[in-house]
Each structure stands twice: as structure tokens, then as C-alpha cells.
Amino acid sequence: MSPPNWAVINNPVVTYAEDTAIWSSLASDFNSRLPLRQLPWQNPLRSGRATAPGMQRIIPTLDIQMRPFSPDLLPRLAPGGLHQNSVFMHIFFVGCEDIEYYKNNVRRQLQEWINAVSSKKGQEWLVVHLTGGDSRGRAGLFNIGAASTVLDKIRSDFNLKKDRSMQFRITNNEIKDAEFWNELLDRIKEGLVSAITQQAAQLEDDTRRFEQQRLMPGWNYCQYFILKQARELIGSSGTLGLHSDLQETLAFTYELVRFFDEALLHYDELEATFFQTLVEQGAPWFHKFGGVEPGDDCSDVLNSDRKPYRSMIIQNTITIFDFREYLFSRQCRLIFLLGSPADVCQRTKMFVVSLSKMLREYSVSLAPHFRESWSYSLCMRIVRECDAVFRMLSMPTSAMQVYEALRAELLQIARIQLDRLGTAKKICSNPLYLEGDGTAPETPAAENGRTISNPELVQALSSPETFGILYQASIHVTNLAVRGFEACARPRSALALQSDLAFWHFSQEDYEKAAEIWERVAFRHSESGWHHIETVIVECLARCYRELRRCLCEHLDACRTLVESCLYLVSHPKLMDAQKAEQLVDELNGAAIAMAEPISRHMSDLFGVSIASVINRAGDDDEIVIELNIRSVLVKDFNMTRVLLTLTAGDGKEMICECHNVVLHTGKNLARVSCKKSTIPGNYSPSTVTMESGNLHFYYDLHPFDRKKGVRINETAASLKMTASLPRTIVQGESASTIAFEILTRSNSVKSGVLSISTLTNIAFAHQSAVRCTVSSAGGDVVSTKDVSFGGGKMQLPDAGPNERISFALPFSLAQDTRNTDHKLKLLLSCATDDGRKRLHSSILRVSLVPTFAIDSSMIHEHDGSLIQIGMRCKEGAPMRVLAATLAATGEPDVKPIETIGQQIAFPGTPISLLFQLGAAASHDVETYTPTCSLTLTVSYVPVNDEIEAFVQARLEAVLAKQGLSRFTGFFFNFLARTLLPQIDAFESSAFGALDFGKFDAAALEPLLSDEEPATRGKLVAAAAALWEELAGVSLDTVTAESKLAPLKLVFTATHAVPRVIAHTCIRVESLSDRTVGSAIPCTILVTPLTWILPAKQDQLEVELELDINFAVFAIAGKKRGIRDKPAELRVLLCPLQAGQILLPRVQATVLGLPADAVSVQNVSTGAQISVLPRRQSAKIFVSETPDALKAVLPGRIVMV
């Protein structure tokens, strides 16, 4: 395959002359040493920019062409004094070694040759004398000895310097021959570089001189171009072939040395001068515009030999069209040689745009659609040529992306020409098509007998079918261009291409393919500021889906995309007339209702929403009404099937107000949304507004100013309530380790409930695999039980209906030791209602780890029963009313209170003592003996504050029911809870038995009733005043009687040991007339068993007695004595050492051999006293210290057996 025209580069020509047939024997060796390598070249041009003046460049390789010398090869005179030539160097090979032969034959021949070549500027020459080897002349064999004589003769005859002559000795030694060959090649390289430099310098002077005359009369741009081009061509570009009278091929300097960038710069200067001259002087040197010859609209612009351009320039017969094409082809050729197809694409785009404007100006003289055919042919030709070059190159990714983008632009231009042709022939239409100056496409000129000659386009325009075939073939190219734009991050260009493809399918009524493309790109043009383009596209897209909806009912996406298209169009009403805008609004309403899947629009500019007012009436059954200001920019009424306002409180709690079938007129509208009051208390703020038209939903986030217009929902008797406290059962000696939770549903139901428990203090709940949840009715009957797991602070609750109770308990632990007994828990309950809506209930609870009452118990055992003493102390806080306290014991003994237990107030910190009598066991059988006795104390109590609150609520309900205002009970009770109840001191009321409710403040109530009618407002104020009158001076007993609160119960459990042996100890003083200080008082210590539940074989016990004697008061003497199954006695002598009423020593007895809790010994003489008189005269008391006496007196421990 032959290379393209632009890729053919000629080589410098060196001529040779000879006196004999010498070159034929040297040619093969010479050609084997080509190309020349590493030629240094220095740019002599002062205007060079690619190579700075004086900068040396290296020519890596340079091939040359050897041709026989002929005078016709020497340069001729060109315009402007330029000597053009195709040869740079001449060599004369002298093979003669005979002096005489040289004088007679060779010298005249050499003289003529030197005269011919030295008379021309920019020509270098060299005389080479060959000696040795097989070199032969007409004189026969050469004589080596005479060789130097011939060379010297030549130098002397022609006054030659060494740089003009050299000797080439041929031997059969390869090494020596290589040295001579290298010397010859070096001389040739030097000669070539010198010739090129001379010619370039001469061209620079001639060009500068001619350019300075540009503004003078008679200056001709064509001559300047020839001169300038000669400078470039004889120093830059390549061969033009034979032109006009020039029968030789010109070798162009810069091309020969492969400095294509330098040559390109000078062509750019020529182009710039052309446009500048065109503006300043017009174009008098050009014959006509041109473009009327056959093939001009589809010629190979890269083929500079297609026409004799150079001859036409010299003769001033070239047209503007041909000149522009010729100049462009020279530039592209150089850029291709530089290996930059991307720059070729860029220049092609600029050239097409520039020349297309001129083609439009001269369209009258051109064939119809010439401009489109020429642009299409040029772009496609350049793309094919660039692709071929690109495939041979290796480029980085960034350079590849640049090329893809520029290539895509050329493909886009080519496809636009097809759109123009199709529009002109009414085969297709593109409403976005505008000319480069922004005007609509013009009507083709009248027929002038000329036609386009591009065979591809001629056949395509013959019929719509053939045009469609061509356009379909171009779709693949367009898709490649789209991918090229996308790869180089040029989305807007990709959008334009895809839109044009969609317009083709649209014009062919292929709505599905057009919609498929427009769906991807329709709403992306406005992002780039192309609002008009997007409006046209969206309007066409709407028409596509209007047709698809009409013809393809199964096309599910037709309505959806139709709605999206209409939404965009109605939001830009200024881009269309009013009638069309109204039609689109109607179409939007209809498509939105017919659409299957919802479409959501957030903060659409079609509407604006704000809060006008909030109406929150006081009645418990009254709805919350909120008025919305809705502004519509639509040109026609628009129907909203539903308008919803979402009000949110903390923790995701929400309340939804709504209204239906709202017609929004153009401008301002007022919509009233309402809902029932939520049973979940909290401060609800408006957050979002949702407007629905079928499945078209508009969402709006309200302004922070509107969010402040919230409503307060207070807790009522219908509100779900969650509580947490310690269990009501207290076990003596055990600390609290679980917390009991209760959820009162009241008027709510709990389905699929999930409870989240988070701690706000240093209390923690561990993972539990099974937590027993009990659902019970209001009467306490168990409805169901379920074991659920608790982990991560969450648990799944069983379902519960209205007025039911969910209860469970969780063990807890404290993260660290602390004296803080109050802890906070946050409970969040997520559940579903009967209608499927999600509800969130939240509450922050305070849990005290101190029970309501601190309870302890003690027991004294007797033979006929036991005495039980229970102490109760109310914790810090409000006073409690203890209603009843009952004690029960396990086993047969009966329990009865020693004194009647009536209602009493338990103030915080004040102890309450309860005494109970436990009957004796009916049987002392050892076999049925029970070692322990469990006691259960049940205390019923009511907090005084709760009593007062229940009483006030009961009186409130009675007063409102009497006046027919029962629906305001919840409102009034919350008002009283904020104003009245906090003023009551429960301590004072409990102490004095009366309540003081203060005076009624009507000014505090009236602002809360601002949303009520005046008549209703007056009735409510009067009812409040009547309530205050009834509450004045009420007693606490009345409060207790009317409150009717269900009492709270606290269960206290204690376990006491039942002794096997019960005995009494006492110290008995024998009768004496006088008891004086120092006298011996006989005493008997008795240990009397009362209960004996021991095996028959165990008939005696060891008892250890201990007298607690103050030896400053008594001295003691005695001895031990044994007992057996009868009261044991121990006689001792007490000697009082002080006078007055003296307490007898306390006796303690310890039974050995039995556990301490199996024996109960009571000292019945505790507190007994004796009267001791002082002696009448002083006396000394001596105590014998015999061993026996000492044992009795020492520390008072007496052992009996």
C-alpha cells in the first residue's frame, strides 16, 4: 500500500560529475553508508521562533540522492530575486593519474564545471581525486607515484583550497577505506549544511525586503506568498513537483532537514498576513472566489497536487477558495509530519468555521448545499486520515483524551451538515439548529445549474429512504463522538450530540428511541445554562410520551416521563405562549393522576408555602387547624388531591394535618389543614408540607420562622404512660437489684412495639435472653405473657390493646459506686396504630433506688407466742397516707395487731412503729418442727399529692359536667396543674388538715382561650371561678373521701428463726430486813426453760451464764452448781459498794451445743433495782481471796452442768 501524498518527503540532491566511469564502481559502497548522521545545523533566520537564532540543532539522520550533473539542474531566477534550486552540492570525481591526459582532456572539462556551479548562490562543490585500487582512466593503469602530481596540478590550476578538494585513495584494506569514506561523507555533510545556511540567509533578506513594501502601491500578495513560500519550501516543507515552466523538483530546506515545526510557523505567518491584508486592502490579487469546479465540494484537500496551485499563484489566477485549501493542506501536511493528529483536528475545526462563513457569503455563485457538502467531506476525510496516523502513534492518556475530543468535534460538524441537508430537503428537522451567527438556517439559493459532486451525498439526497440509510450509518459515528466527549470530560458537547440524534428519531416518528435518548439528557441542559435548549427538548419529550401513551398503553414509563417533561415546561412559562402553557398544566394534572409510580419534587419553584395561622382550640375533642398560604406560579388552576402538614416533636414524634381536593389558583391561596389532637404529649412544630396531585408529590421544608408557630399537646387521661420504679416487694436484708417497668396503654394500642431504654446516669442494664412481659387488663387480670430478649437497649414488646398494662422487670447494675440514689432513664416506644401509622412515645423517667418506706422488723419469743415489732420510715419527699398495714406469717400461728392500726400520715423521716402478736405453735413435736417463720407485711398507702390532684380533677369534672363543658376537662386540668396545684403545700395540708387554694386569677386563663368563641370563653372563665369557690376551705378528710384513688401497695418480706428452746433468766434477791453498803445480799440466779423442742435423748443442756457486774457497785461471791431437767439455780452473794437505788446486774445465758438462732433466752429481771442504805459508822470490808472464792468472784462467768 502506497503512503499518502502528504507522507512523501524528498531527499537533498547531490550531483556528481566524472572524467571517467568512476561513480558506478563507488555507488554501492556509498549508498551502503547512507543516511548521513548527526548533522549540526544552526538557524541563520533572525525571525525563526521554533528555533532561536544562533541555536544549534542536530539532524539525527538525513538521506541524500545522487544525480548526474546537468546544467538544467542549476537554479533559475524566481520572483523577487530568489534563486530557487533543487540541488545543494556538486562533486566532481577525477580518476585521471596522468598529467598529460589531465592537461589535454580533464582540465577543460573541470574548468567548465567549476564555472557553472560557482556562479550560483547557495551552491557548494567539491573536487575528489580518486587513486589506487582498480581505478582506471583512459590513460590506462594509474601510477601511484604520479597521483599527487595530478592533485597538486588541479589545486594550482584552479587555486583550490583544501576544503574544495580532497584525495580519495582506494585500497583493499577495509579499515583504511573506511577512513577515506568517513572523510568524504563529512565533506558532504559540511557542504550540505553550508548550502542550506546560505540559501536560508538569502531568502530571509529577500523576504524582509519584499514585506517592507506591503503598504506600497502595486504590492502583490501572491508574489509575496511565492517568495515567502519559497523561503519555507526552499527551507521548510517539501516538494511541489513540476509547476508551470519549472521543470525541476524543488528540494525544500526545512523539510529536508526535518524541521517541520519551523516551516509550520512560517505558514502560520502567511495565513495571518492573508487575513490582515484581506481586511486592509481586500483581495485584488485573486481572480474570483472559486469553488465552482466539479469536485471542489468533496476533493481531497490533503492532496496539494490536485491542482497547479503554485502556477496559479504566480500567474495571479488562483481563487480565494483554492488558495485557502492549498494553504490549509500545506499546514496539515506539516502537522502530520510532526505526528500530531490532534492539532490537525483543531486546525480543521477552525478552518471549517472560517471558510464556511465565506462560503455562505458567496452562496449565490455556488452549487446549492455546497457548503454542507464541502464541510461534511472535509471533516470525514480529515477524521479518516487522523485515525490512520493515530493508530500508528503511542500517546499518553491525556493526549488521547484531547484527540478524542477534537475528533468528536469534527464528527459533530459532519453530522450537523447532514441535519442541514435533511432539513433543507424536509427529510428531518431540528428546531435547535442555528447558524454560526445565531440566526435560523437560510433558504437555499435558487438553482444556478450547479450541483454538488459528493457521490455519497448525491445518492442520499435522492430520496428520504437513501438519506435515512446514510443518517443511520452516521449514528454509529455520532455515538463514537459522544463517547469521545464523555471520555475527555466534555458533557455539554455530548449532550448536544445525543439531542441531535434524538431529533432525528423524533422526525422519523420513532418516539420510543427519541424518548430513550432524551430521558438521559433532557434535564441536564439547564445545569449548563442552556434553558432554551432544554425547553425545546423537554417539549418534544413530552410529545413523545404523549404519543407513546396514546399508542402504547403498556408503556409504563410514558406517564412518568410525560409528567417530568410537563413539570419542566410549566416552570418556564415565559418560553411559550399562554395557551400552550395552559394546555401543559391540564396535561400535567391528567398525567399525574394516571401515573402508576409516584414522583417527588423537593422545594419546587412552582409553589411557595408558609404558615398563615395556627388554631388550637381548648376542647379535648377539637381538632388542630392550621392555615397555609400557598403561592402558585402556574398560569392555570391546579388540583391537589391532598395537602398534608407534618408537625414533629422530639424523638421523632409527629402529627399530620391534612385536607383534600384543594384547587390552587394562580397567585395566593389559603388552605386549611386539620387533624385530631395526638395522644402523645409534646411541643409540635410544623416541619414539612406535602402536596399531592395523584402520584405527583411536592415536598416543602418550612422556613425557620414558620417552624416557631407550633402547638402544645398536653398529657391527658387518654395518653399512653410509661413508668419505672423499684419493685413493690422488699426482702429484708437484700438490696434492690431490679427495676419494674409499666406501660399503661389507656386509649392507645401497641402493635409491633419496640422499646428502647437508654440511661442518662451511671446505671446499666445487661443483656437478658428472656424477660417475662405480662399484659394485664385494667382490673389486674392477666391477658397474656411472653418471654422476650433484651439486648442493645432494645426489646420487642407483646401487643396490647387499649386500657391494658404491659409490665416487666430488668436487673440493673451501677457503673461505679456513688451516693446518688436518683437516676434518669429515657424510654422510646415505637409502635404501629390500627391504621398502620407509626407512632413514637417517649418519656424521661426519674427512678429512685430508695424504697418509699424503709422497713425493719424484730421478734421477741415467749412460750405462749412471739411479739413482732415493725418500724417504718418514709423516704424524703412528699408525705404519704398509710391506709392499712397487715402482717401474715407462714404456718399455723395466728397474727393479730396488739393495737388497732388506723389511717395515719407518714411524714418523711418520721418513724412509725407497728406491734403484732404471733401465736404459739399448736404442737411441739420434734418431727414437725419448722426452724423459720416468714413474715409478709403489706402496706397500703397513697401519696398525699396524688390525693389532692385526684380530688381537684373529680371536682373539676363535676363542675364542667354541670355546665355542659366536659370536653374542656383536659385543657382545664392542665391549666390547674400549672397554676393551682404547685401552690399547695402537702406538708402544711397534712399537718393542719386543710387546703388553701388561693384566689382565682382570670387574667392567667383568658389568653389561653384566644382561639375560642367569645361566648364559650365566658362560660369557661365562669366555670373556673365556680370551681375555685367550691375548693375554698376544703378539709383534708374531704379530699381523702372524694379522691377515691386506688392505693399503692408495698410488700415487705422478712424471715425469722423459730427457736427450739425458749428460756427465762432472772436474778432473785432473798428477803432481808436491811440492805446496807457492805452487807452480803444472798441472790439466786434462775434459768427456767419454757419451750423444749429437742429429741427425748437430749434431756440436758450446758448453759453458760454471764453476769454483767459493775465492780464499782457490787462485789460478788459464790460457787457453781449443776441442774438436770429442771430450773437451774445458782446462789451468789452480792455486796453493794454504794448506797441508793441500784440496778441489779444483768444476766446473760448462752446455751452450748445448739445454734444461736435455735435458742431464745430472755432476762426477765432486766431493770430490777434494790435500795441500799449507807452504814451508820465507818467500817472496813475485807474480801477473802481463797482460790475457791477467787474463782467465784472473777469476771462473773459461772458455768453450770
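The model is predicted, so local features are reported at pLDDT of at least 70 and side-chain atom pairs at pLDDT 80 or more, while totals for chains, interfaces and linings use all residues. Residues are numbered from 1 along each chain as its sequence is written, and side-chain values use heavy atoms, with hydrogens and water left out. Helices (H or I, at least four residues) and strands (E, at least two) are DSSP runs, numbered from the N terminus.

**Strands and sheets**

- E46 pairs with strand E42 (residues 1102–1108) in the antiparallel sense, over seven bridges; two strands pair if DSSP finds at least two bridges between them.
- Within that pairing, Glu1102 has Leu1152 in E46 as its bridge partner.
- Four strands form an open sheet in the order E32-E33-E37-E35, with antiparallel pairing.
- At the edges of this sheet are strand E32 (853–862) and strand E35 (895–897), each of which pairs on one side only.
- From one strand to the next, the twist averages 25 degrees.
- E32 and strand E33 (residues 865–874) run antiparallel and are joined by ten bridges.
- The bridge partner of Ala854 in E33 is Arg873.

**A helix pair**

- Two packed helices are described by the angle between their axes and the distance between the axes.
- Helix H12 (residues 397–424) and helix H14 (residues 464–487) have axes that come within 8 Å and cross at roughly 150 degrees.
- Axes here are lines fitted to C-alpha atoms, for helices over the stretch in contact, and angles run from 0 to 180 degrees between N-to-C directions.
- H12 and H14 are therefore roughly antiparallel to each other; angles under 35 degrees count as roughly parallel, over 145 as roughly antiparallel, 65 to 115 as roughly perpendicular and the rest as oblique.
- The crossing of H12 and H14 is left-handed, a term used if the near helix is turned anticlockwise from the far one by less than a right angle, with right-handed used if clockwise.
- The residues of the contact of H12 with H14 divide into 13 nonpolar, six polar and five charged.
- In that division, Ala, Val, Leu, Ile, Met, Phe, Trp, Tyr, Cys and Pro count as nonpolar, Asp, Glu, Lys and Arg as charged, and the others, Gly among them, as polar.

**Salt bridges**

- Side chains of opposite charge can pair when their charged atoms come close.
- A salt bridge is a side-chain nitrogen of Lys or Arg within 4 Å of a carboxyl oxygen of Asp or Glu, and by this rule the count comes to 28.
- Glu112 and Arg108 form a salt bridge through their side chains (3.7 Å, N to O).
- Both Glu112 and Arg108 lie in helix H2 (residues 99–118), four residues apart, about one turn of the helix.
- Glu112 is partly exposed at 48% relative accessibility, and Arg108 is exposed at 54%; buried means under 20% relative accessible area, exposed over 50%, partly exposed in between (1.4 Å probe, protein chains only).
- Another salt bridge joins the side chains of Lys307 and Asp296 (3.0 Å, N to O).
- Lys307 and Asp296 both lie in the loop between helix H7 (260–281) and helix H8 (309–314), so the pair ties together parts that are eleven residues apart in sequence.
- Both Lys307 and Asp296 are buried.
- The side chains of Glu692 and Arg642 also meet in a salt bridge (3.1 Å, N to O).
- This pair links distant parts of the chain, with Glu692 in strand E18 (residues 682–693) and Arg642 in strand E15 (residues 638–648), 50 residues apart.
- Glu692 counts as buried at 12% relative accessibility, whereas Arg642 is partly exposed at 26%.

**Backbone geometry**

- Most residues other than glycine have a negative phi, and most peptide bonds are trans.
- The peptide bond from Leu34 to Pro35 is cis, with omega near 0 degrees.
- Pro35 is found in the loop between helix H1 (23–32) and strand E2 (36–42).
- Asn661, although not a glycine, has a positive phi of about 55 degrees.
- Asn661 lies in strand E16 (residues 654–664) and is exposed, with a relative accessible area of 65%.
- Asn803 is not a glycine either, and its phi is positive at about 55 degrees.
- Asn803 lies in the loop between strand E28 (794–796) and strand E29 (804–814).
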